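Welcome, and thanks for taking a look at this one. Here is a short briefing on some ring pairs, charges over rings and a loop residue.

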Amino acid sequence: MRSVAKWPSVFMALWLVGCGGQTESPAVVCHNANCVDPPDPERDDSPEALRESLALTDDAGQPMLDGMELDLFWRAADEQCVFAHDLDQESPALAVDAAAIVGDWLKTPRTKATRTGGPYWVFLELKAQVGKTKTEVHTPAQRAAHAQCALDVLGVLADGARAGNVPLRVRITSFSAELLEASAVALKQSMWMNGDDVAVGLGVIQGVLQPLDGGTRPLDDYPDDLGIDMVTAHAQWMRDSMYQAYSSRGWAVGLWMFSAVPETYDAIEMFEPKWITTSEAKTLTRWLAR
């Protein structure tokens, strides 16, 4: 492995062809439940964009996506768990109501539920703040309630997937190690059992590196015994040293992105992620199919 900056995409593409290329296409997950063209961040984590994104198909009428990301906010003002990217949104939907939209979609009979033909993925991102500013963090009781909200959402999704006979894979993700720890406790207390039909795990989110952004936490903050099995890292900030650190922990690696730039494609070719979380589903799926 080499850093993205040192290995241009054209050379990397030729190298992949010579070595046989990727053996498996990455799963495409819809970022912020909004990947309808043209990209409009103002519609992120809204029921309308969620419904439209679930319905996306390619030119042949086949599913364009392999999964959906739902952001779950614990709103301290009224102690509610809402489906929202931030708390500037007016009247966001409750988290379980957003889950019901996905659950109903999973119940709908269809020949194929995903682009790749694999399981349907749902990433539940637990937001690390409880107010409009990042300094407003959870109390222990709020963390426990937020984790329970994720389990409530999981239950709704699982019911839909089982009714529709769609294999479902859920990952509870967060920048916050404390929220992942609370989620691990909640899963244990619920005596959740994974199966071939529905399975859940925990995932770390990594973004812009410190000191530019304090949201990305050092890996030492995530205890080895939590059961974390994946990480999703910002494609433009991914480095070979980070990839090696994730791999040494046994974590599967995914990438997330805002707008695709050449460095995004370089990172996909280099690190061969298992998932790509994107708001530009049409652009990315066409590039993957090239």
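Which residues form one aromatic cluster? They are W121, F123 and W275. The model is predicted, so to speak of local features pLDDT must be at least 70, side-chain atom pairs count only at pLDDT 80 or more, and totals for chains, interfaces and linings use all residues. Residues are numbered from 1 along each chain as its sequence is written, and side-chain values use heavy atoms, leaving out hydrogens and water.

**Aromatic pairs**
- Searching the whole structure gives 8 aromatic pairs (rings of Phe, Tyr and Trp, the last by its six-membered ring, with centres within 6.5 Å; planes under 30 degrees apart are stacked, over 60 edge-to-face, the rest tilted).
- W121 and W275 count as edge-to-face because their ring planes meet at 85°, with the centres 5.2 Å apart.
- This pair links distant parts of the chain, 154 residues apart: W121 is in strand β5 (residues 120-126) and W275 in strand β10 (residues 275-278). Strands are DSSP runs of E, at least two residues, and helices are runs of H or I, at least four, numbered from the N terminus.
- Both W121 and W275 are buried (under 20% relative accessible area, with exposed over 50% and partly exposed in between; 1.4 Å probe, protein chains only).

**Charges over rings**
- R110 has its charged end over the ring of W105, 3.9 Å from the centre (CZ of Arg or NZ of Lys within 6 Å of the ring centre and within 35 degrees of the ring normal).
- Likewise, the charged end of R290 sits over the ring of W287, 3.8 Å from its centre.

**A loop residue**
- N34 lies in the loop between β1 (27-30) and α2 (47-54).
- N34 counts as buried because its relative accessibility is 3%.
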